[in-house]
2 protein chains.
Amino acid sequence: MQNTKLHSTKFLDLIQTIFTDKKGQKKTWFWVQRPNSQNAVVIVATVGDKLVVIKEFRVPISNYEIGLPAGLIDPGYDIKTTVIKELKEETGLDFVKFIKEPSPIVFNSAGLTDEGCSIVYVEATGKISNANLQDSEGIETYLLTKDQVKDLMNQARHDRNICIGAKAWLVFENFVGE
Amino acid sequence: MQNTKLHSTKFLDLIQTIFTDKKGQKKTWFWVQRPNSQNAVVIVATVGDKLVVIKEFRVPISNYEIGLPAGLIDPGYDIKTTVIKELKEETGLDFVKFIKEPSPIVFNSAGLTDEGCSIVYVEATGKISNANLQDSEGIETYLLTKDQVKDLMNQARHDRNICIGAKAWLVFENFVGE
């Protein structure tokens, strides 16, 4: 496999890979990579019987996306310290404990990018706050009951303007037990 | 919002967007878009009590990824006709019926791309075959019981060489009931 950086930006590189497939044919693949290929944590947090959900403006979809708290695992951090930091920053909530073992690094869209994440399930406590948000992050946090998550899913089926993340959708299905 | 194509390839465009955030500050965002922003279907299929899982080489991760059958919704196709076509092509299996209503279009990684998908749950039948595979797709299909999915998840926790898709991981959790 031979990689060429076609275009490099501060946050994303466009890569061309030339490789030989199983049948011996030469193929070209285009994909993107974050500098240092940092992985992320995706946080499925509950406070009591409520699920922690965030809403955030996302440039690629020109819209707000409803999803789960998440953040890149910076150098010097592990999954747990990243979870504690990102949960606090994005929602104001405090980490209590892992409810189950974090997932291994799994891949968001492996045809498009090497971006990976560990999905973690945590119990959280405290009050929602955006006092710890970084300047540029306009994140709103909600604590939703099962019935509220069901309503949100139904609304999204009938209103294309309500955008939900794919991982969040699957977590919602799990949360409402459907 | 002002979009500039920084680099265009046959399958992927790198875009720079300059926008003004809530606080009136000028910001730059880099992201990628497929030509025509085609969405995909992601197929959670069961044959009896077994889950349909595929394994496919993915250039961005330089490895095989274990995931779910999926495919782009081509012009002239809707979700159902795409599901029938892709399930047959990738696995040889025949669509029987939807088990529940397909999800709305949800987003794989809305900070990185506008790529969206509908997650569908289907009952399938027939025999696994790769006779309908397109030339370049080296896809292997497996029918896994709950215990086999549990084993696979445990193996992936201890072997970084076993790569699983994020959506597949969440579907696995749902499937094994954990």
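Here is a short chat about the strands in this predicted model.

Student: Let's start with chain B. In what order do the three strands of its open sheet lie?
Tutor: The sheet in chain B is open and built from three strands. Their pairing is antiparallel, and the order is 1-2-3.

Student: Why is one side of strand 1 and of strand 3 in chain B left without a neighbour in the sheet?
Tutor: Look at where they sit: strand 1 covers 2-8 and strand 3 covers 26-33, and both stand at the edges of the sheet. One side of each stays without a neighbour because each has a single partner strand.

Student: Which residue of strand 2 in chain B is the bridge partner of Asn3(B)?
Tutor: Strand 1 of chain B runs antiparallel to strand 2, residues 13-20, and six bridges join them. Within strand 2, the partner of Asn3(B) is Thr17(B).

Student: Over to chain A. Which strands stand at the edges of its sheet?
Tutor: Chain A has an open, antiparallel sheet of three strands in the order 1-2-3. Two of these have a single partner strand each, so one side of each lacks a neighbour in the sheet: strand 1 (2-8) and strand 3 (26-33).

Student: And which residue of strand 3 in chain A is the bridge partner of Leu14(A)?
Tutor: Strand 2 of chain A takes in residues 13-20, and eight bridges join it to strand 3, running antiparallel. In strand 3, Leu14(A) has as its bridge partner Val32(A).

Notes
Residues are numbered from 1 along each chain as its sequence is written. Chains are lettered from A and ligands numbered from 1 in the order in which they are written. This is a predicted model: local features need pLDDT of at least 70, side-chain atom pairs count only at pLDDT 80 or more; totals for chains, interfaces and linings use all residues. Side-chain values use heavy atoms; hydrogens and water are left out. Two strands pair if DSSP finds at least two bridges between them. Helices (H or I, at least four residues) and strands (E, at least two) are DSSP runs, numbered from the N terminus.
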